[in-house]
Amino acid sequence: MIEHYELTGYGPSHPRAAFILVATQDLSDPVESMQKSIASILETTDRNRILVICAVFQQNVLTQEEQEAVNQALLKLDGGVGTHWHGTTQHTHSNAIDSDGHSHGHKIKTIFSDSTSVSSSRKDAATYIKFLSEEHEQHKLKAKEEQIITILMRPDSIITTSHWIDTVSHALISKDGTTQNAISFASSSTETINEGETKSINLELKPIKSHASNDAMTLTQGQSYPSPILEGSVTAMTLETFHNLPVKDLYLDSHFGSDLELSLNLWMCADGIDIVSSLKAQTTLGVLQHKDKAGMMPSSMVRLVNVWMGKESFIGKKVLELLEGNLGVNVGQLEKDGKLKELPDKSLLNHCRTFEWFAKEVNVALEKELKQIKGEVSEKKPAVVSDGQKRGGHLAPGFEQHLKDAKNAFMNGGDSNALGQLPSKPLSETNKQIISTAKMVDLKYVDVTNGHTEDPHRGAMDENGVFGYVHDATALRKNPPPFKFVKEQVNCDKNDGDKKMLTQKVSIDFAADQAANHIAETSGKPRAKIFCLVYTIEKFHDRIPAIRETWGQKCDGFMVGSTKTDPALGTVNIPHEGPEEYNNIWQKVRSMWSYIYDNYYEDYDWFHIGGDDLFLLVENLRLYLESEEIQLAANGGERLPTGKETQQVPLFLGRRFKEQGNWDRIFNSGGSGYTMNKAALKALVVDAFPTCMPHLHTFAEDVMVAQCFRNKLKVFPFDTKDETGAERYMPFAPKHHLNYRIPKDVNSDWYANYSIDIKEGLDHCSDHSVAFHYIKGDLMNRMYAILYGHCA
């Protein structure tokens, strides 16, 4: 059975991609090159987000026998042979149908073209993609709003960035649909890719290296920067943008010629080109033998001059002179030979910028050459500009604009007279960058329940299975059960790793907590109110009393999301889409967070979630949330809040992990739980949940929450280490972190591979840690006894 999402994707917020690869005669082994390139697509891309991969083989590239061999080889890849992804699941199987009976839809379209022109082959493939997109839409397999992303990829290149499509989607798809830019992957023939490196052209229309300006790099912190021409290996734009480009010269024979024409289209008639530094591609060794790496055929050069510069213009004349003098190009002979027939209609450029503008504002190296020829002294910096207004369009949306938004965030909703105090010290550079992409959120509650008719807003059931139940989140704090100190169970004298970590390093900061209470009482300003949410099932309700008797009662609000409502335990039955099982925790958490937002949003400042084996050091957590660092970050990073703010930066706190070591997919581990402020909770439930994997069934709720924050909201996990670099949120018990040692090969151990700059032994945990994981039964009581003085 073919997976539903493989046919339909995930909707407009997570658009699918269509790939175009054109194999030419210049490849040393076109079949092997094409296979390697397509394999890299499948290895780095969620297959459910691939609309089609068009593998185009030009005329005379393959014999009839080779064509059949290609069909068979690509058919195997299409059937799932080789590593590939479905959502967050990576697997490989030897047959078209795997052991679970799951089969694949066709993703690879092999085209044997009659053309020898790269631009013509690309156009044919793009026409097929448009037809396929329209067919999907007609048969309800695609929403009209989903903008298909077109990827132009050379079949001598491989994509090396995993899960790259989320970054590309964010950079290309704007809310108002006006963005018409292209994204170029940073590419190299080696492992080293120099930051800020771009490509330009000189007066001989040859590619030369250039570098983005300091302004461009600073403005976006190097996340994206403009490039005069396409880097070449992998280029992304929306299908609509590609089809709307005015000039498509179907006689440009090489990849470089076609890329140069695309570049001129994008800069002069659209919104330009950005290299996104986190997106990497690499040319395959031993295959990089294109003749166009040194330029293009003379006929293509002259064609480009005629259309884009005009052969009578100053620039056009100078370029043609160089072509004739340095390269021995006989323009007259090319015309006689019919090489310049059927030139594109230059009137299509009436609404575009001029080539002089391109040379002056974008391709500065070219402008410098022209000024030298004229005898003028160039005052222009030898790099490209980055001003989106000068370009007449947008840089990658979500990079510059988000940085501008963050810079103004401290203005407290626009009230310039309500600035808070300056902090005693600024945020770390890491956390400045993390909050820079997040937009301020209006804190006013918005009702999205829609009558509680659909998941994830159906609400909770009471003991009798009747919807409409609202749990009293303050019940535990008002009537806390006593801690049952049983010396034999707690075993205070046992000198193991747990005790060592909790007596020699980690402690509750009682003095600071009492001082904060005193300040709150005398000032009248309440302390941060924390809502604690635990998830479990009825089978494990025996774990809840230990939580209630220890740390749970210290939370301002407390609830246990479960499969049975029991007011005595504080458990609440919150139904969700799909079955109640480990592999569907994502849907469970979606419904729980929605329930929390619908019923408790306005009563609390912070919201923490974790499993039934979580131990929370609530005093330390509250002090951390009230710290200058967190208050500063929530207010935009410039000034401390005044308490009158109506807007807030979404903060997503927890233990940061790199998913499978991938820096582009950082998430907060669900083990020790994660903490959100009001802005983050509202943004997640109101803005992200409706379109972010709304029907996906998976156990990886922590990864999914991070993905929704990242892709939909540009909210990233905050670095919660203390000033010494020690962690505050622990994914394991104290003794595990005390005894753990990082292996020499970090890839041999998932924890080392996922972790970010961890320390060993006592140095690992912060003095005032806030959470530990895998704490059950007697260990929970023992930790509480040690931390709160019962073992003294």
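Buried, in these notes, means under 20% relative accessible area, with exposed over 50% and partly exposed in between (1.4 Å probe, protein chains only).

Ground rules first. I'm working on a predicted model, where local features need pLDDT of at least 70 and side-chain atom pairs count only at pLDDT 80 or more, while totals for chains, interfaces and linings use all residues. Residues are numbered from 1 along each chain as its sequence is written, and side-chain values use heavy atoms, with hydrogens and water left out.

**Entry: salt bridges overall.** I searched the whole structure for salt bridges (a side-chain nitrogen of Lys or Arg within 4 Å of a carboxyl oxygen of Asp or Glu). The search came back with 29 of them.

**Entry: arginine 665.** I found arginine 665 paired with glutamate 659, closest N and O atoms 2.8 Å apart. Arginine 665 is buried at 4% relative accessibility, and glutamate 659 is buried at 8%. I also noted a salt-bridge network that links Arg49, Asp166, Glu659 and Arg665.

**Entry: aspartate 496.** I looked up its partner and got arginine 782, N to O 3.1 Å. Aspartate 496 sits in the loop between helix 18 (487–490) and helix 19 (497–504), and arginine 782 in helix 29 (residues 777–787), so this pair ties together parts 286 residues apart in sequence. Helices here are DSSP runs (H or I, at least four residues), as are strands (E, at least two), numbered from the N terminus. Aspartate 496 is buried, at 16% relative accessible area; arginine 782 is buried too, at 6%.

**Entry: lysine 554.** I have lysine 554 bridging to glutamate 619, 3.3 Å from N to O. Both residues are buried.
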